[in-house]
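Subject: Structure for your review

Dear colleague,

Please find below the structure that I am handing over to you. My findings follow directly after it.

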Amino acid sequence: MTTYIGIDVSKDSLSVAVPKPNSGWKVNEYTNSPDGIRTLIGQLPDQAHCVLEATGSYSVLATYMLTHSGVTISVINPKQSHHFAKMHLSITKTDPRDAVLLAEYGKAIQPPVYQMSSDSLLLLRQKRTLLRQYQKQRVSLLNLFASLQPLPLKDSTVQQSLQQMIAHFVAAIAQLMAEINQVCQADFAEQYKRLRSIKGISYAVATALIETTNGFRDFASAKALAKFIGVAPVIYQSGKVGITKGINRSGDAHLRSQLYMASLSAIRYNKSCRECYQRLKAAGKVTNVALMAVVNKLLRQAYAVVKFNEDYDPNYQPILRSMA
């Protein structure tokens with residue numbers, strides 16, 4: 001019989017809730033470290049199914065070690081556990097209570113089993129995170145350098161230091177981009193090739209999609225992918241009121257901005273996307289709405305070429321076929 005166990009993850013510790021034989025819960029604390037997680041694994045009951053939230057880097061070590069030890073786990077969105085707590089009218093917010101709620105969520109909902117990303121994807125994710133930070137720093141330094149130019153008296157030391165730092169970040173960004181490209185070419189060559197065959201999908205968008213989708217393993221449809229990234233339309237209907245409230249914006253904001261920029265290229269060079277954009281504009285849709293529809297079309301194209309392992313065909317005619 002499956003025993004659902006809740007694990008609340010923080011930076012330094014893990015609160016683990018295990019059901020008692022009769023009723024109630026036993027909550028133990030472990031350090032969020034290799035030694036602490038090994039101790040936890042050794043004390044887990046048979047047929048344990050651990051449920052924990054995706055909490056950025058803090059939860060990766062636990063998910064990695066639990067998965068590689070053969071423990072069944074589910075990693076859920078914090079919003080899911082938050083709304084589950086509200087449904088139970090919970091007014092207490094502590095680590096032990098959160099661990100119990102996660103175990104109760106697992107027993108009630110029975111979430112899908114989590115598939116750990118490959119080592120290559122874990123490395124790719126770190127490189128892309130660092131790349132984004134370097135790009136932000138470069139833009140910040142360029143803005144600072146530009147803001148100092150109108151001054152009547154310039155400090156040569158400040159000017160030289162800024163130029164050196166900007167040059168450093170430019171070189172570091174180029175090096176990281178080369179490393180990301182190398183990882184994709186080595187471990188995700190087919191997916192990378194298929195994605196790059198789509199007009200509008202750049203090198204940066206292709207690598208971002210591979211990393212975000214766990215190599216396209218985590219999603220059963222293009223609609224699910226669009227919802228995860230945060231570009232699915234939000235529809236509100238109650239009584240006589242029925243409106244669309246933009247997009248759900250629940251995923252990676254950086255990837256959304258990359259896809260938005262890709263849509264600007266796609267409406268020029270991607271036949272299907274251009275026709276979609278022109279049709280919506282002719283129907284009176286505002287530019288942003290039409291471009292977001294193009295983003296969704298790009299995602300459908302990306303999902304299809306990877307799942308069916310075919311290069312993009314601009315003259316493709318839809319046919320019915322199984323996704324199995």
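UniProt, in an unreviewed entry, places the feature "domain: Transposase IS110-like N-terminal" at residues 5-144. Please note that the model is a predicted one. Over residues 5-144 the chain is 50% helix and 21% strand, and the end C-alpha atoms of that span are 50 Å apart. A further unreviewed UniProt feature, "domain: Transposase IS116/IS110/IS902 C-terminal", is listed for residues 193-278. This second span is 55% helix and 15% strand, with its end C-alpha atoms 28 Å apart.

The domain assignment of the chain divides it in another manner: domain 1 covers 3-109, domain 2 covers 119-211 and domain 3 covers 222-308. Between the C-alpha centres of domain 1 and domain 2 the distance is 36 Å.

As regards the chain as a whole, the secondary structure amounts to 12 helices and seven strands. Along the principal axes, the C-alpha atoms fill a box of roughly 70 × 60 × 45 Å. Of the 324 residues in the chain, 38% are buried.

Salt bridges

The structure holds eight salt bridges. I describe some of them here.

Arginine 38 forms a salt bridge with aspartate 35, and the closest N and O atoms are 2.9 Å apart. Both residues belong to helix α1 (residues 34-43); because they are three residues apart there, about one helical turn separates them. Aspartate 35 has a relative accessible area of 55% and is therefore exposed, the cut-off for that class being over 50%.

Aspartate 98 and lysine 93 also form a salt bridge, with the closest N and O atoms 2.5 Å apart.

The side chains of lysine 127 and glutamate 179 meet in a salt bridge of 2.8 Å, N to O. This pair links distant parts of the chain: lysine 127 lies in helix α5 and glutamate 179 in helix α6, 52 residues apart. Glutamate 179 is partly exposed, with a relative accessible area of 23%.

There is also a network of salt bridges, which links Glu190, Lys193, Arg194 and Asp311.

Aromatic pairs

Tyrosine 134 and phenylalanine 169 form an edge-to-face pair, 5.5 Å centre to centre and with 70 degrees between the planes. The pair links distant parts of the chain, since tyrosine 134 is in helix α5 (residues 119-148) and phenylalanine 169 is in helix α6 (residues 156-187), 35 residues apart. Tyrosine 134 is partly exposed, with a relative accessible area of 23%, while phenylalanine 169 is buried at 10%.

Phenylalanine 219 and phenylalanine 228 form a tilted pair, with 5.0 Å between the centres and 55 degrees between the planes. Phenylalanine 219 has a relative accessibility of 12% and so counts as buried. Phenylalanine 228, by contrast, is partly exposed, with a relative accessible area of 42%.

Surface patch and a loop residue

Which residues make the nonpolar surface patch of about 250 Å²? The patch is made by Tyr236, Val241 and Ile243. Tyrosine 236 lies in strand β6 (residues 233-238). With a relative accessible area of 38%, tyrosine 236 is partly exposed.

Finally, tyrosine 114 sits in the loop between α4 (95-109) and α5. Tyrosine 114 is partly exposed, with a relative accessible area of 26%. In sequence, tyrosine 114 and lysine 307 are 193 residues apart; in space, their C-alpha atoms are 20 Å apart.

With kind regards

Key
Residues numbered from 1 in each chain as written. Predicted model: local features only at pLDDT ≥ 70, side-chain atom pairs only at ≥ 80, totals over all residues. Heavy atoms only, no water. Patch = residues over 30% accessible without salt bridge, like charges linked within 9 Å, V, L, I, M, F, W, Y side chains within 5 Å. Areas by Shrake-Rupley, 256 points an atom, 1.4 Å probe, with all protein chains shown as cover. Salt bridge = Lys/Arg side-chain N within 4 Å of Asp/Glu carboxyl O. Helix = DSSP H or I, 4+ residues; strand = E, 2+ residues; numbered from the N terminus. Buried < 20%, exposed > 50% of the residue type's maximum accessible area, 1.4 Å probe, protein only. UniProt positions renumbered as here; feature names shortened; annotations may be inferred. Phe/Tyr/Trp six-rings, centres within 6.5 Å; stacked < 30°, edge-to-face > 60°. Domains from an automatic or database assignment.
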